[in-house]
Amino acid sequence: MAIRKLFVANRGEIAVRIIRAAQAQGIRTVQAASEADTDMLACRMADEVVVIGPAPAAKSYLNIDAVIRAIKESGADAVHPGYGFLSENPRFVSAVEEAGIAFVGPDADTIAKMGDKAMARSAAIAAGVPVVPGSEGRIGDLDDARRQAARIGYPVMVKASAGGGGRGIRIVEDEAALEKMVPQAMSEARAAFGDDGLYMERYIERARHIEVQVLGDGHDVVHLFERECSLQRKRQKVWEEAPAAMLPEAVREALCASAVALARRVNYRNAGTLEYLYDGDTQEFFFIEMNTRIQVEHPVTEAITGVDLVQAQLMIAGGERLWFGQNDLERRGHAIEVRINAENPDKMFMPSPGQVTAFAAPQGVNARFDTLLFEGCRVAPFYDSLVGKLIVWAPDRDAAIAALQAALGDLKVEGIHTTASLHQALAADAEVRRGDFHTAWLEGWMAEGRMQAAGGQAKA
Amino acid sequence: MALYQVLSPLPGIFYRRPSPEQDPFKAEGDRVAAGDTVGLVEAMKSFFPAEADQAGKLLRFLVEDGDAVDAEQALAEIEI
């Protein structure tokens with residue numbers, strides 16, 4: 001049953017993006033807004049606006065009861081959750097399902113299953129998809145640790161089972177180091193977490209983050225190739241590309257086929273992304289997790305495939321079967337997205353909310369700017385700092401970087417600080433231009449003060 | 001008796017606890033030392049401490065835990 005009225009349970013640039021896709025299909029829109037967001041761009045574009053609560057997200061966009069009530073009262077027949085907030089919350093999705101309203105995404109069971117790292121890993125193994133080699137359960141004692149590390153292959157990363165957020169992690173290069181470290185790590189874990197359990201997995205130095213976009217209709221699944229998202233700061237992606245230019249063609253095919261195999265195994269419906277670590281030295285890839293929602297960086301895939309992913313999401317949620325097969329999909333050229341955040345790169349990326357006094361988006365045939373900005377808008381301090389995404393396309397990667405530099409030069413945002421200058425510096429950097437980076441590269445680059453050095457050159 | 005106010009370092013959301021499961025940094029009536037954190041302000045998913053400039057006694061909080069605050073808004077009153 002095609003969607004007639006769509007409730008947008010998100011804010012910012014993705015709400016704008018969703019409304020555009022709905023309008024293209026003649027679907028009416030209801031925009032949810034916190035009290036701080038009633039004048040945001042998405043509210044100006046939507047057919048209706050409903051205030052769901054006070055400014056803090058916990059009291060509005062994350063308040064399941066308030067959002068569900070607003071959905072029911074709006075008369076909408078479908079809900080798009082965007083990314084973040086409640087987009088991967090099984091309890092929210094169950095409540096939407098129970099109300100007889102279509103959720104633009106997979107069902108609650110799939111979200112719960114793929115959102116659980118251990119369950120997603122088991123599903124991957126069952127589908128024959130490589131996962132990061134790791135210990136089976138906890139490490140029993142030093143003998144067990146030696147055996148498991150030999151099977152996994154050095155260097156290994158030893159983690160406290162009860163740890164998290166990077167705490168209690170050690171890199172071990174060889175067996176001699178392992179013998180010294182395991183007893184010590186156990187007693188430290190006991191002291192820190194009250195639990196001496198350890199587990200280990202292969203440590204991939206210079207890993208790249210590569211992910212595969214899939215679309216499923218609950219029966220069939222296709223992939224829309226991969227994205228390279230290794231340039232990250234504090235585990236947040238800042239610059240994404242499609243395709244992953246350094247990937248050998250045979251590896252690309254195996255990678256994308258593995259993503260389809262896993263998505264098929266769970267009868268995946270709607271848009272999803274399978275994230276992998278890629279070891280360029282051995283050309284091995286390892287599944288790490290699946291995101292069961294549209295992603296921030298989806299436009300680079302749209303740019304190289306010509307598929308409007310958000311419109312595809314709406315059609316699938318409206319009951320359509322996939323209207324193209326794998327062989328109908330081709331990739332063309334190269335696309336880069338950079339995230340424009342309201343932060344000051346010269347002051348340790350301090351948040352920079354406030355009023356935008358002047359704004360101009362880059363123009364051009366192959367430049368796209370997805371944004372929440374307009375001249376005079378107020379960027380609220382309560383939410384994510386992402387205010388725009390600049391996406392460029394060109395026939396090849398070198399030309400795409402040149403197009404990015406030109407488009408960044410055309411972007412004008414005054415009144416707040418943005419990370420545009422970081423991207424100018426990155427685009428001018430020799431290693432970035434060669435595509436020679438990994439997930440820890442950007443933080444090292446900044447620690448060495450190379451942002452300022454490259455920024456100076458970019459301006460000269 | 002002199003009073004001064006702890007001001008918010010930037011606009012955002014004020015929290016009295018380091019995380020939802022933990023105890024508040026300070027209770028009304030507590031002694032504070034110069035540089036003590038009395039609360040956190042969350043802006044764009046980052047957290048910034050609101051600190052006491054001078055030692056004294058925290059008389060009262062002027063905003064509720066979880067409230068939206070402006071830059072330079074008074075968060076707590078301290079008696080020197």
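**Loops, cores and domains in chain A**

Guide: A:K234 sits in the loop of chain A that runs between β10 (221-233) and β11. Bear in mind that this is a predicted model.

Visitor: OK, what's the phi of A:K234 like?

Guide: Positive, about 50 degrees, although A:K234 isn't a glycine.

Visitor: And is A:K234 buried or exposed?

Guide: Exposed, because A:K234 has 9 C-beta neighbours inside 10 Å, and the cut-off for exposed is 12 or fewer.

Visitor: Which other residue has a positive phi although it is not a glycine?

Guide: A:N267, with phi of about 45 degrees. You'll find A:N267 in the loop between α9 and β12 (269-279) of chain A.

Visitor: How many other C-beta atoms lie within 10 Å of A:N267?

Guide: There are 15, so A:N267 comes out as partly exposed.

Visitor: Switching to prolines. Which residue is joined to A:P243 by a cis peptide bond?

Guide: A:A242, and omega for that bond is about -5 degrees. A:P243 belongs to the loop between β11 (236-242) and α9 (249-265).

Visitor: What about the bond from A:Y154 to A:P155, cis or trans?

Guide: Cis, with omega near -5 degrees. In this case the proline, A:P155, is in the loop between α7 (142-152) and β6 (156-160) of chain A.

Visitor: Let's zoom out. Which domains does the assignment give for chain A?

Guide: Domain 1 covers 5-104, domain 2 covers 142-202 and domain 3 covers 208-459.

Visitor: How far apart are the C-alpha centres of domain 1 and domain 2?

Guide: They lie 44 Å apart in chain A.

Visitor: Now the inside. Which residues touch the most other members of the largest nonpolar core?

Guide: A:F7, A:V8, A:V214, A:A335, A:V392 and A:L404, out of 151 residues in that core.

Visitor: Why does this core lie between domain 1 and domain 3?

Guide: Because domain 1 (5-104) and domain 3 (208-459) of chain A both contribute residues to this core. As background, nonpolar side chains tend to be buried together in soluble globular proteins.

Visitor: Pick A:L404. What does A:L404 touch?

Guide: Leaving out residues up to four places away in sequence, A:L404 is in contact with A:I336, A:V338, A:V392 and A:A427.

Visitor: And what other core lies apart from the largest one?

Guide: One of 14 residues, including A:A160, A:V182, A:A185 and A:L198.

Methods
Residues numbered from 1 in each chain as written. Chains lettered and ligands numbered in written order. Predicted model: local features only at pLDDT ≥ 70, side-chain atom pairs only at ≥ 80, totals over all residues. Core = buried A, V, L, I, M, F, W, Y, C linked by C-beta atoms within 7 Å. Buried ≥ 20, exposed ≤ 12 C-beta atoms within 10 Å, placed from the backbone. Domains from an automatic or database assignment. Contact = placed C-beta atoms within 7 Å. Helix = DSSP H or I, 4+ residues; strand = E, 2+ residues; numbered from the N terminus.
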